Amino acid sequence: KRRFDDGDAQPPARPTPDETVALIARIDALVSTIEAHLSRYTADMHLLQIALLTLGVVGAAVLVGTGYRFVLEPVGVLKQAMGEVREGNLSVRVTPNSSDELGALADGFNEMTGKLQALYQGLEARVAEKTAELSDKRERLQTLYEVSTLVTHATALAEMAGGFVARVRPALHADAAALRWADESGERFVMLASDGLPEGFAADEQCIRAGDCLCGVGMDQPGARVIPIAVPARGSRCSRAGWATLVTVPIRLQDRLLGELDLFYASARELGDAERTLLEALTGHLASGIETLRVHALEKETAIAEERGFLARELHDSIAQALAFMKIQVQLLRGALKRGDGAQTDKVVGELDTGVRESLADVRELLVHFRTRAQGDDIVAALKTTLQKFHHQTGLVTHIEVRGHGAPLAPDVQVQALHVVQEALSNVRKHAHASQVWLDV
């Protein structure tokens, strides 16, 4: 390389061939050096690119694995757990793998399912409790209905008592039941009916005194009493029968003691408020039913007494007077027979014959009084029947005329109206000497 100054006007000297070859050789060496450096730099750059590519692939793989391990897998577990919750499995739980947002989400999911499970279990328990409560109420209402129906339709005390204990014992889940009737003084209790009691036990307790055992004691206390039975208590009958608890309920009508209901249990027993209320309602229905039977019996006795009084009055007004008249005639007949007065004897015998026939007619008429009753609201048919019987007995022609349509009479008033007509026909037969009879209604 030659350097030319600006002031050198002389052209450079032509190099010699040796110098040219040397220069070319130096240039080739320089180019070779540059190419070697460039080749080395290119190889290094290729190695760097491969390393960067490998690093990128490894980083991507690590990123994907990390994302799957810490993001996709927890999300998948949560999704699977949510599916199980959707199917109704509230006991499923998710194990948190970290303390980041996904871990907090897993903790929240576990807390949510725990609360749901607790609520569901509590709801099931409450539903079961309410179902059992409704079932108990339905059984109590059914028992009340059955006892009310029994009390309404029963016509005898034995029927009512037997049906009552047969319905109350299963309703109160008792092993046995006894219904006792108290006398007026409340000192004796007679067993009306029992259910589930051993035969020997029931026979021994057909009649007990108040104070001899736990039954019949403390009847001054209102409401049901639960009495644990100790071994030495109440003699040996309850112990031999195996009873452990006695529930006794007084049966009262207002302030009057009618009896008591005894329920026997083979194990310890307590009464809830609902059962106490049920027992009070049942015994109240029974007391009303017993009182209704008593009132009906009194009404029947009154009716029988009235009928007997009516019959006695009829006998006194008709047959008794005729018999008294015939008694006098018999005395007259005896006097005439002693005197040998034939005319007087014939007269007295005629009077006796008339009296006997009238008495026979009075008896028949009295039977008509008791056999003839109005059917329903139709008193006209009963009046026609009465006139027909009168015609057959006396031979008198009878007529009846009914005008208008009045209000129906009560049954007792109809009977009294028939009695009035029959008494009037009796007076006609005895005293009127009539050939026809008219009845105008």
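I began at a strand pair: Ala182 stands opposite Phe189 in β2. Before going on, I noted that this is a predicted model, where local features need pLDDT of at least 70, side-chain atom pairs count only at pLDDT 80 or more, and totals for chains, interfaces and linings use all residues. Residues are numbered from 1 along each chain as its sequence is written, and side-chain values use heavy atoms, with hydrogens and water left out.

**Strands.** I took strands as DSSP runs of E with at least two residues and helices as runs of H or I with at least four, numbered from the N terminus. Two strands pair if DSSP finds at least two bridges between them. I looked up β1 (residues 176-182) and β2 (residues 188-195): they run antiparallel and are joined by 6 bridges. Leu179 stands opposite Ala193 in β2. Their hairpin has 5 residues between the strands, and there Gly186 takes a positive phi near 75°.

I then followed β2 to β3 (residues 207-209). These two also run antiparallel, with 3 bridges. Val190 faces Cys207 in β3.

I checked cover next, with buried meaning under 20% relative accessible area, exposed over 50% and partly exposed in between (1.4 Å probe, protein chains only). β1 is mostly covered, with 6 of its 7 residues buried.

**Rings.** I paired rings of Phe, Tyr and Trp (its six-membered ring) when their centres lie within 6.5 Å; planes under 30 degrees apart count as stacked, over 60 as edge-to-face and the rest as tilted. My search of the whole structure gave 1 aromatic pair. The ring centres of Trp243 and Phe264 are 5.6 Å apart and the planes lie at 35°, so the pair is tilted. It links distant parts of the chain, 21 residues apart: Trp243 is in the loop between α5 (237-241) and β5 (245-253), and Phe264 is in β6 (residues 256-265). Trp243 counts as buried because its relative accessibility is 10%. Phe264 has 0%, so this residue counts as buried too.

I also looked for a charge over a ring (NZ of Lys or CZ of Arg within 6 Å of the ring centre and within 35 degrees of the ring normal). The charged end of Arg40 sits over the ring of Tyr41, 5.7 Å from its centre.

**Pocket.** I used a 1 Å grid over the protein atoms alone: a cavity is a set of points where a 1.4 Å probe fits but cannot get out, a pocket is an open set with protein on both sides within 12 Å along at least five of seven lines, and lining residues have an atom within 4 Å of a point. The second largest pocket is lined by 17 residues; Ile379, Val380, Gly406, Ala407 and Val441 lie nearest its centre. α8 (379-394) and α9 (411-432) each supply at least two residues of this lining.
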